[in-house]
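Subject: Structure for your review

Hello,

Please find the structure below, with notes on what came out of going through it.

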Amino acid sequence: MPTTRRQFLSLAGGVTAAGTIPIVTLRPLHATPAMLNTAIRNVVGEAPIRTGRVKLDIPPLVENGNTVPMMVSVASPMTADDHVKSIHIFNEKNPQPNIGNFYLGPSCGRAQVATRIRLADTQKVVAIARLSDDTFWQVAVDVVVTLAACTEEMN
C-alpha cells in the first residue's frame, strides 16, 4: 500500500520533534574526594606525586566563586633536557574535578599559567606538574568561598 501525503508528513513531523528533545545527562552536583583522587590518577597513573617545586597563587578567601583568579608556576630552567611537560589543575567539590590541563615545552621560556576558575564552594584546589623526567610534583591550597558558583539554580 503506498504511503499517503498525510502519513508522510506525520512521520516527518515526529522525527523532527524527536530530534529536538534535549538529552539530559545526570551527574552529581558536587564532586567527592574519591572523584578527585580518580581524576588525579587518570592523569598521573600509578606514579608517585611529590610535594614542592609547584607554586599555586590563589586567594585564600574569595567573596564570589564565579571568577577566581589563579596562577600556577613551576621551578624549572625550561631547557630541552629539563622542562615542564604539563600542568594540571583539580578541585575537590565542583561537578568536574579536572579544571584544566596545560601542555608546555622548553620553548615556553617560563613554566607558568594564569587563568580564572569557578568554585562551587569552599574546597581544596590542587595543581600538579609533570616534568620532562616524568616525575610529578604537586601543591594543594584550601580556598574559602563565601558565595558559591556552579550550583546556582536556574528559574
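Which exposed residues does the face of α2 turned away from its buried side carry? That face carries Ala 34 and Asn 42. Here buried means under 20% relative accessible area, exposed over 50%, and partly exposed in between, with a 1.4 Å probe and protein chains only. Helices (H or I, at least four residues) and strands (E, at least two) are DSSP runs numbered from the N terminus.

Before the rest, a word on the source. The model is predicted, so local features need pLDDT of at least 70 and side-chain atom pairs count only at pLDDT 80 or more, while totals for chains, interfaces and linings use all residues. Residues are numbered from 1 along each chain as its sequence is written, and side-chain values use heavy atoms, with hydrogens and water left out.

Helix α2

The buried residues of α2 are Leu 36, Ala 39, Ile 40 and Val 44. They cover an arc of only 120° around the axis, so they are on the same side of α2; the arc is that of the directions from the helix axis to the C-beta atoms. Helix α2 takes in residues 33–44, 12 residues that should span 16 Å at 1.5 Å a residue, and the end C-alpha atoms are 16 Å apart, which agrees. The expected span is 1.5 Å times one less than the number of residues.

Two strands pair if DSSP finds at least two bridges between them. Strand β2 (residues 54–57) and strand β4 (residues 68–74) pair in the antiparallel sense over 4 bridges. Leu 56 has Val 72 of β4 as its bridge partner, and Lys 55 has Ser 73. On β2, Val 54 and Leu 56 make up the covered face, with Lys 55 and Asp 57 on the uncovered one. On β4, the covered face holds Val 68, Met 70, Val 72 and Val 74, and the uncovered face holds Pro 69, Met 71 and Ser 73. β4 is also joined to strand β7 (residues 112–117) by 6 bridges, again running antiparallel. In that pairing, Val 72 stands opposite Val 113 of β7.

Loops

Asn 66 lies in the loop between β3 (61–64) and β4 and is partly exposed, at 28% relative accessibility. The side chains of Asn 66 and Arg 118 are joined by a polar contact of 3.1 Å. A polar contact is a pair of N or O atoms within 3.5 Å; within protein, one must be able to donate a hydrogen and the other to accept it, and residues adjacent in sequence count only if both atoms are side-chain atoms. Asn 66 and Ala 120 are 54 residues apart in sequence, with their C-alpha atoms 8.1 Å apart in space.

Most residues other than glycine have a negative phi. Met 78, in the loop between β4 and β5 (84–91), has a positive phi near 55°. Met 78 is buried, at 6% relative accessible area. Asp 134 also has a positive phi, about 60°; Asp 134 is in the loop between β8 (123–131) and β9 (136–147) and is partly exposed, at 38%.

Regards
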